[in-house]
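Me: I have a structure open and would like to go through it with you. Could we begin with the pockets?

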Amino acid sequence: MRPRRLRSSLTVLGAVATATALALGPAAPATAGTQRPVPAGRTATAHGLTPVTDLLAQRLLLADKVAAAKYGTDTPIDDPVREAQILDDVRARASSLGLEPDAVAAVFRDQIEANKLVQRAVYARWDAHPGERPTERPDLAREVRPALDRITTGLLAALRDTERTRSAPSCGTRLATAAGWSAYTHRLDALHLKGLGRALPSVCAGPR
């Protein structure tokens, strides 16, 4: 990651935390996987990039199921062959939507890294606290990957629909605001909030 982009990523992550804590008001600690209603009088209209950040949040929350499916098996967290297939697929689909394939692949590469960040942290927690390990193993091929594929389709459409907003000079600020709303409504805990910060760097298409 280029130094300029790294600074941008850290700035956005800080802004996400601020937007969640301040703009949305006090709230009980969030629990990953549960959607929170928008507080009365604070309708979440508006932030043109929330269709993108909502999908990023949903994808992050699926990382827990991916981890549960893999934990204790010989399926590794890092899967370069699968990752390359995903990136090749989104490049091809981006081109058919009139999007720049490498720019879209960069967005999805960030999603993959964000998900692995969550998976590694979840593994570490389960290693340290065996009582918290999942009691059921989701089916990776039949349950988890189809859900990820649906999010991929939605995210490609959202990237197309927000292309002008993502290219605007105001994208960074609008992205932080949208991510704050999504973090709040999806009840992201500290780990998933960190993952969201890792998922954001390539969303804005303008100069950094």
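Reply: The largest pocket holds about 350 Å³ of space. A pocket is an open set of points on a 1 Å grid over the protein atoms alone, where a 1.4 Å probe fits, with protein on both sides within 12 Å along at least five of seven lines; lining residues have an atom within 4 Å of a point. The volume is the space filled by probe spheres set on the points, which are joined across faces, edges and corners.

Me: Before we go on, what kind of model is this?

Reply: This is a predicted model, in which local features need pLDDT of at least 70 and side-chain atom pairs count only at pLDDT 80 or more, while totals for chains, interfaces and linings use all residues. Residues are numbered from 1 along each chain as its sequence is written, and side-chain values use heavy atoms, with hydrogens and water left out.

Me: Which residues are closest to the centre of the largest pocket?

Reply: Arg 59, Arg 82, Ile 86, Ile 112 and Leu 148 are the closest, out of 20 lining residues. The lining comprises ten charged residues (Asp, Glu, Lys and Arg), seven nonpolar ones (Ala, Val, Leu, Ile, Met, Phe, Trp, Tyr, Cys and Pro) and three polar ones (the others, Gly among them).

Me: Which helix gives the most to that lining?

Reply: Helix α3 does, with six residues. At least two lining residues come from each of α2, α3, α4 and α5. Helices are DSSP runs of H or I with at least four residues, strands are runs of E with at least two, and both are numbered from the N terminus.

Me: How many helices and strands are there in the protein?

Reply: The protein has eight helices and zero strands. Of its 208 residues, 44% count as buried, that is, under 20% relative accessible area with a 1.4 Å probe and protein chains only; exposed is over 50%, and partly exposed lies in between.

Me: What about the core: which residues have the most contacts inside the largest one?

Reply: Those are Leu 56, Val 104, Phe 108, Leu 159 and Leu 196, in a nonpolar core of 52 residues. Such a core is a set of buried Ala, Val, Leu, Ile, Met, Phe, Trp, Tyr and Cys residues joined through side-chain atoms within 4.5 Å. Helix α2 provides the largest share of this core, twelve residues.

Me: And what does Phe 108 touch?

Reply: Not counting residues up to four places away in sequence, Phe 108 touches Leu 87, Val 90, Thr 152, Leu 155, Leu 156 and Leu 159; contact means heavy atoms within 4.5 Å. Ala 105, also in the record of helix α4, is in contact with Leu 87, Val 90 and Arg 91, leaving aside neighbours within four places in sequence.

Me: Is Ala 105 buried or exposed?

Reply: Ala 105 is buried, with a relative accessible area of 0%. Its C-alpha atom is separated by 5.5 Å from that of Leu 87, 18 residues apart along the chain.

Me: Changing topic, how many aromatic pairs does the structure hold?

Reply: It holds three. Tyr 71 and Tyr 123 form one that is edge-to-face, with 5.0 Å centre to centre and 80 degrees between the planes. Rings of Phe, Tyr and Trp (its six-membered ring) pair if their centres lie within 6.5 Å; planes under 30 degrees apart are stacked, over 60 edge-to-face and the rest tilted.

Me: Why does that pair tie together parts that are 52 residues apart in sequence?

Reply: Because Tyr 71 lies in the loop between α2 and α3, whereas Tyr 123 lies in helix α4. Ring pairs also link Tyr 71, Tyr 123 and Trp 126 into a cluster.
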